[in-house]
Amino acid sequence: MAQRTALITGITGQDAAYLAKFLLEKDYRVVGTYRRTASSNLWRLEEMGVLDRVELIPMDLLEMTNVVRVIQKVRPSEVYNLGAQSFVGVSFEQAVYTSQVNAIGVCYLLEAVRALDGAARFYQASTSEMFGKVREEPQNEDTPFYPRSPYAVAKVYAHYMTVNYREAHGLHASCGILFNHESPLRGREFVTRKITASLAKIAHGQQDVLELGNLEAKRDWGYAADYVRGMWMMLQHPHGDDYVLATGESHSVREFVDKAAECAGFRLAWEGEAVSARGIDRASGKTIVRVNPDFFRPAEVESLRGDASKARRVLGWQPEVTFEQLVEIMMRADMDRAARGRLLHLRF
Ligand code: NDP
Ligand code: GDP
């Protein structure tokens, strides 16, 4: 069989690094698009040991002519659209920009794939944030959407646009409605990585306290490596379709903190409620976790839990890493980075 070419947008991101490694191991030619910026941010590909094997090509989802030319030049057999303004918190302040990248940018890409010859298989990174103020529990492919942030609203547009190109133009296009998935390569503004990096710095005397927002928010957290395997499985199926990928378990931010603290060698006692809640290290009596209302969201997604039974039934996908293992993997990586002084530049 001829070598397959995968085009991954957002190659500098978490999922792209795991997906690139996964596809290279399957002997794909992997082309990744990056935004030209003043400073290089290819550290994730470097950490995965694949930087020299991924072909890099500059592309911004905001520039349609650029998107079209990249698709025409690369002529991919599979397109994984992972590029996005992916942080919910920022989307409240950059609603227009987030909409342009996460919604209209996807339309550019779908048009470019359709114009080429429509033969490339297309993956759209949809998200559990689309369920937002949830209508039922757990959430599956039939659960109505109720987005609660500009990020999620834009993703709903992109989701339905992808469905429409499948139904109207016959594209092999699939949406993965992925619940939160994390790893040591997660961006530091997301709560899981903020917790593990901060606790590692605190354990090494490089930071005093970890400040968080809503401790009671609950998420269905899985491991990124499991989820990129699911993306690929969707594109191997004879027909495009939409699938939820999730673990089916939900934990609060506070539970994540407790488990991570334990891995970092702390035992926390909690005092106070709501904005006065504090996590105290039992050994030293010091407050190492506290709430800062600046990190609350204008509209919150309180609780998410996914039902991935369709992906299990149709694709044979299931996650392998548990919540406890995920926290351990992330905490171990950040303890190691802190010990080598590699987190000193991070501010939270
Ligand atoms: P990251 O934030 O780690 O990566 C996002 C990527 O998108 C980065 O490479 C970023 O480039 C790129 N990007 C941002 N703006 C543009 C633009 N205008 N044009 C081209 N590329 C751009 O996200 P993840 O890897 O965690 O997530 C991958 C995708 O999956 C995203 O679409 C995200 O919204 C979605 N998703 C993620 C979930 C998760 O839990 N991780 C859950 C559900 C969906 P740069 O480095 O230059 O900023
Ligand atoms: P999201 O699900 O894509 O928004 O992923 P995040 O990791 O950014 O946030 C997950 C949940 O953690 C949300 O409900 C946030 O409100 C909550 N949270 C609590 N404190 C913080 C914080 O300090 N930073 C972030 N990013 N989220 C926090």
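Here, a residue is called buried when its relative accessible area is under 20%. With that in hand, welcome to a few close-up views of this predicted model.

**View 1. Helix α7 is mostly covered.** Of the 13 residues in α7, 11 are buried. Among them are the charged-side-chain residues Arg-193, Lys-194 and Lys-201, along with Ile-195, Leu-199 and Ile-202. The elements that cover these buried residues include the strands β7 (181-182), β8 (210-212) and β15 (287-291), as well as the helices α9 (253-263) and α11 (323-339).

**View 2. The length of α7 and what follows the helix.** Helix α7 runs over residues 191-203, and at 1.5 Å a residue it should span 18 Å. Its end C-alpha atoms are 18 Å apart, so the model agrees with that expectation. Just after α7 comes Gly-205, which takes a positive phi of about 70°.

**View 3. The shell around ligand 1.** Here you can find 27 residues surrounding ligand 1, and the closest are Thr-12, Asp-15, Arg-35, Ser-86 and Tyr-151. By class, the shell has 11 nonpolar, 11 polar and 5 charged residues. Strand β5 gives the most, with 3 residues. At least two residues each come from α1 (14-25), α5 (95-116), β5 (121-127) and α6 (150-169).

**View 4. Polar atoms beside ligand 1.** A nitrogen atom of ligand 1 is 2.9 Å from an N or O atom in the Asp-60 side chain. For Lys-155, a side-chain N or O atom is 2.8 Å from an oxygen atom of the ligand. At Gly-13, a polar backbone atom is 3.2 Å from a ligand oxygen. On its own, ligand 1 has 900 Å² of accessible area, and the protein covers 91% of that.

Note on methods:
Residues are numbered from 1 along each chain as its sequence is written. Chains are lettered from A and ligands numbered from 1 in the order in which they are written. This is a predicted model: local features need pLDDT of at least 70, side-chain atom pairs count only at pLDDT 80 or more; totals for chains, interfaces and linings use all residues. Side-chain values use heavy atoms; hydrogens and water are left out. A residue is near a molecule or strand if one of its heavy atoms lies within 4 Å of it. A polar contact is a pair of N or O atoms within 3.5 Å; within protein, one must be able to donate a hydrogen and the other to accept it, and residues adjacent in sequence count only if both atoms are side-chain atoms. Accessible areas come from the Shrake-Rupley method with a 1.4 Å probe; for residues, only the protein chains shown count as cover. Helices (H or I, at least four residues) and strands (E, at least two) are DSSP runs, numbered from the N terminus. The expected span of a helix is 1.5 Å times one less than its number of residues. Buried means under 20% relative accessible area, exposed over 50%, partly exposed in between (1.4 Å probe, protein chains only). Contact means heavy atoms within 4.5 Å.
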